[in-house]
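Here are my notes on the model. Please read them with the structure open.

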Amino acid sequence: MKRVHAMPFGATVLEDGGVRFRLWAPSVALVALELRRGDTWQQHAMQRADGGWHETTLRHAMAGDRYRYRMPDGLRVPDPASRRNPDDVHGPSEVVDPLAHAWTDPTWTGRPWHEAVIYELHLGTFTPEGTLAAARARLEELAELGITAVELMPIADFPGRRNWGYDGVLPFAPDACYGTPGELKRFVETAHDLGVMVLLDVVYNHFGPEGNYLHAYCPEFFNPAHHTPWGAAINFDGPQARTVRDFFVHNALYWIEEYGFDGLRMDAVHAIRDDSTPAIVEEICSALQQGPGRLRQVHVVLENDLNQSHRLERDAAGLPVAATAQWNDDLHHAAHVLLTGEADGYYADYAQRPLEQFGLALAQGFVYCGQPSAFRAGEPRGEPCAHLPLGAFVSFLQTHDQVGNRAMGERIDVLGDPALVMAARTCVLLSPHTPMLFMGEEYAAATPFQYFCDFGPELAAAVTAGRRSEFGRFAAFADEAARARIPDPNAEASFAASRLDAGERAQPGHARALAQTREALRVRRTELAPRFGGGCRSHQWSCEGDALRLVWQLDAAGEGEREAAAPALLHLVANFGAADAVLAWPPGRVIHCLGFEPSAAGTALRLPPGGVCATLQETPDG
């Protein structure tokens, strides 16, 4: 089976031989294509066509050839729609033939969203090698753990040899430091063979600060009417925006159709400046639904600080109108305050009664659904969300953001009491939310995940100084000596320190955490996932001292591939206090205990600190 996504730009290998090259540059009168033959570069004039396009077809060109575009002032640039840039973002592009790869997963149609258990990973630090091939070899153990969806942090070509991925400038080119396009396709194939979806994090709100040549020769790509922290916004709603919008719509379709990804995570959509209707986010969701989504499961997850519930609405059949789900920062922030006591910055909004905030997030999704935010000087934040299915909320205790944006990159398992952290993790894993683990979290990894990059000297110095200055408002880094201890993002040591240490898994504390995570995911898979349909909702919740009690109304998934499960109530109690909590047993059949052995039926439930008990009450008889 072959997969290719046809695009109106970039380099296209033709069926009858040769390659067509197309570039959009309305302000440039003449563009030359330079093609490398051996050690020499051949220059070919491109024809200027209507709409600002420049085009040429070379019958002798073929896959593997290097090429670049030359502007009238002598500036040489890679193809903004490059499928591969083997010599980094400043070097020439390479012609890629998507039809050269024969796919081996023709029967794969994805998985329904209620089965999603997401594992976020950074390819460069997930393994010692930091490659697609090495990560691919680890997929089987993730599947055995109970992971059903791997989410790759952005892989679009970025400057240098190491980066989180959010500084990408060539959105169609997987960064060569991770491997070839073929290796990325084999990664996706292997995941599908194991029953694991693959999601890709994409950045449509800005280009990175180094290697973006569009500003130099195609100003139409940006709209100066909208100012952003990265300069003029990407032009989604100004003059000539149609081609710019097409560029990103095609990018979304490209990853799904040509690489077989099962969905996208769209970074920081709140930072996209777009006053048009439909907005680019909705247009991309629609293109995916009406295109590859007609034949298989395709999911879109948003990061959206505005908590815009309208982007998560369902239609009469319970299907997403636009996005499938959103990262639930509210739950993370409440849990972080509960587990660490920290209340700096945006955590201040969750400092009052964090256990209640955590319970509210588990019960309904967002905490902020229109209330004023003290951190935002009283500005209302969010939209009502109680009507949404709980699977629309991707919930977690940590992500690359929440770990890496700390000065030292410490994980929650290092900052909080291990028993209480595991209790909170269990609450998330057993809830009807869509749970997500950050790589290594399954065994309570102690390795940090620091902010790292590899910019040129001038930008590198500015980034390092800016990051240390940013933390100057925190008491712990008030003096210059303390700020100097913050790891240098451009130092290779910051990248090296962020690599997972697989050997930790054999150490007693980490092995115990891994076993506990594995068991919680087994319970989710066997007892709960068949009941996590679109009708799951909060039934009731309460705080009893330092203990949290939650009850969810479950709904048979009804996906057709299994016998529908009976409706039920899921009860969960968890103790986040420093002493034992004596509580009434939740009704129903015990399906999971953490931190204690269940006593005889009918007696009081004594939960130690970090203890969790989950029961399933079949209705109406219980």
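1. Start with helix H6 (residues 241-257). At 1.5 Å a residue, its 17 residues should span 24 Å, and the end C-alpha atoms are 24 Å apart, which agrees. The expected span is 1.5 Å times one less than the number of residues. Helices (H or I, at least four residues) and strands (E, at least two) are DSSP runs, numbered from the N terminus.

2. The model is predicted: local features need pLDDT of at least 70, side-chain atom pairs count only at pLDDT 80 or more, and totals for chains, interfaces and linings use all residues. Residues are numbered from 1 along each chain as its sequence is written, and side-chain values use heavy atoms, leaving out hydrogens and water. Mean pLDDT (the predictor's confidence in each residue, from 0 to 100) is 95 for the chain.

3. H6 is largely enclosed by the rest of the structure, because 14 of its 17 residues are buried. Buried means under 20% relative accessible area, exposed over 50%, partly exposed in between (1.4 Å probe, protein chains only).

4. The axes of H6 and helix H7 (residues 280-290) come within 10 Å and cross at roughly 40°. Axes are lines fitted to C-alpha atoms, for helices over the stretch in contact, with angles from 0 to 180 degrees between N-to-C directions.

5. Asn-307 has a positive phi of about 50° without being a glycine; Asn-307 is buried, at 2% relative accessible area. Arg-353, also not a glycine, has a positive phi near 50°, but Arg-353 is exposed, at 53%.
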